[in-house]
Amino acid sequence: MSLPSMQPLGYDQSYSFHTPASKASGGYTQHRFNPYADNGGTIIGITGEDFVVLAGDTRHTSGYNINSRTEKKVYRLGGDNGLVLATVGFGADSKDVAETMMRAVNDFKFNHNLKNMSVSAAAQYLSTVLYNNRFFPKYANCVLAGLDKDGKARLYSYDSVGSYSKEGETRASAGSASSLIVPFLDNQVEFKNQFVPSSKGQEERPVVPLDPITVAKLVKDAFTSATERHIEVGDGLQIVTVTKDGVSEEVVDLKKD
């Protein structure tokens with residue numbers, strides 16, 4: 001969730017460094033400067049019992065301009081661990097947060113005799129990184145995921161100043177099309193507003209864990225729908241799956257316009 005003061009000033013080219021000066025009271029010229037820009041894109045995270053999927057599109061935009069069609073938003077935080085970070089918002093801040101987390105994970109391994117950082121420790125560290133910049137917040141909405149020591153999937157979602165739930169979540173989304181995708185995930189992952197057919201709408205459908213194939217289909221359906229409705233989402237879909245057997249990555253095509 002981005003802070004209100006961090007929203008770009010519009011879809012035209014007047015925001016950021018090119019914001020025009022205006023006349024303040026008393027006749028003085030008032031210059032405005034906005035260091036943030038929204039570079040579009042969307043990310044999704046969904047957990048199962050012993051796996052987690054993070055996904056993001058590869059479109060990078062500035063207003064109505066497409067800067068890149070191959071900009072990935074999901075990062076592995078180490079070569080031999082299951083820590084994965086997805087981040088979206090202002091491209092420069094997102095990359096900075098991802099690189100900071102990569103360095104922290106590698107430093108932890110070096111300082112602890114090749115022991116990997118746990119997902120709960122990484123979650124707390126990311127919260128600290130974001131909170132330390134609270135007076136000039138990173139415009140980066142983050143979703144961190146991995147498996148804990150018992151092999152259970154963990155998913156953490158953050159706002160721009162590091163607030164997150166230590167209990168974790170079963171699904172999360174951030175970015176341009178999150179308002180379209182979150183209701184879909186609520187219904188398909190947490191079974192909200194679903195009822196047992198024979199109960200005539202009186203008995204809610206019990207929540208059951210999803211399998212990796214079903215989750216992958218949900219992610220593809222969510223992004224396929226989002227690309228039809230939002231101009232800042234599209235081109236490619238990066239899907240990263242974390243299981244006890246390791247981390248796998250798949251990139252599929254989305255709508256290009």
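The crossing of helices H1 and H2 is right-handed (a crossing is right-handed if the near helix is turned clockwise from the far one by less than a right angle, and left-handed if anticlockwise). This is a predicted model, in which local features need pLDDT of at least 70, side-chain atom pairs count only at pLDDT 80 or more, and totals for chains, interfaces and linings use all residues. Residues are numbered from 1 along each chain as its sequence is written, and side-chain values use heavy atoms, with hydrogens and water left out. Helices (H or I, at least four residues) and strands (E, at least two) are DSSP runs, numbered from the N terminus.

**Helices H1 and H2**

- H1 and H2 pack with their axes 11 Å apart and at an angle of about 135 degrees; axes are lines fitted to C-alpha atoms, for helices over the stretch in contact, and angles run from 0 to 180 degrees between N-to-C directions.
- The two helices H1 and H2 are therefore oblique to each other; angles under 35 degrees count as roughly parallel, over 145 as roughly antiparallel, 65 to 115 as roughly perpendicular and the rest as oblique.
- On the H1 side, Val97, Thr100, Met101 and Ala104 meet Ala122, Tyr125, Leu126, Val129 and Leu130 of H2, where contact means heavy atoms within 4.5 Å.
- The residues of this contact of H1 with H2 comprise eight nonpolar, one polar and no charged (Ala, Val, Leu, Ile, Met, Phe, Trp, Tyr, Cys and Pro count as nonpolar, Asp, Glu, Lys and Arg as charged, and the others, Gly among them, as polar).

**The four-stranded sheet**

- Four strands form an open sheet in the order S7-S8-S9-S10, and their pairing is antiparallel; two strands pair if DSSP finds at least two bridges between them.
- S7 and strand S10 (153-157) are the edge strands, each with a single partner strand, so one side of each has no neighbour in the sheet.
- Strand S8 (residues 84-89) and strand S9 (residues 140-147) run antiparallel and are joined by six bridges. Thr87 stands opposite Cys142 in S9.
- Helix H1 (residues 91-111) lies across S7, S8 and S9 and runs at about 160 degrees to S8.
- Helix H2 (residues 119-132) lies across S8, S9 and S10 and runs at about 165 degrees to S9.

**The five-stranded sheet**

- A further open sheet has five strands in the order S11-S3-S4-S12-S13, with antiparallel pairing.
- Its edges are strand S11 (171-175) and strand S13 (246-253); each has a single partner strand, so one side of each is left without a neighbour in the sheet.
- Eight bridges pair strand S12 (residues 236-243) with S13 in the antiparallel sense, and a hairpin joins S12 to S13 through two residues.
- In S13, Glu249 is the bridge partner of Val240, and Glu250 is that of Ile239.
- H3 packs on the sheet, where it touches strand S3 (42-47) and S11, and its direction makes about 170 degrees with that of S11.
- H4 also packs on the sheet, touching S3, strand S4 (52-57), S12 and S13, and its direction makes about 160 degrees with that of S3.

**Helices H3 and H4**

- The axes of helix H3 (residues 178-188) and helix H4 (residues 212-229) come within 10 Å and cross at roughly 150 degrees.
- H3 and H4 are therefore roughly antiparallel to each other, and H3 passes H4 in a right-handed crossing.
- Leu180, Ile181, Phe184 and Gln188 of H3 make the contact with Leu218, Asp221, Ala222, Ala226 and Arg229 of H4.
- Of the residues in this contact of H3 with H4, six are nonpolar, one is polar and two are charged.

- Asp235 forms a salt bridge with Arg69, and the closest N and O atoms are 2.6 Å apart.
- This pair links distant parts of the chain, 166 residues apart: Asp235 is in the loop between H4 and S12, and Arg69 is in the loop between strand S6 (65-68) and strand S7 (74-76).
- Glu71 lies in the loop between S6 and S7.
- C-alpha to C-alpha, Glu71 and Asp57 are 8.0 Å apart in space, and they are 14 residues apart in sequence.
- Leaving aside neighbours within four places in sequence, Glu71 is in contact with Asp57, Thr58, Arg59, His60 and Lys95.

Technical notes:
Salt bridge = Lys/Arg side-chain N within 4 Å of Asp/Glu carboxyl O.
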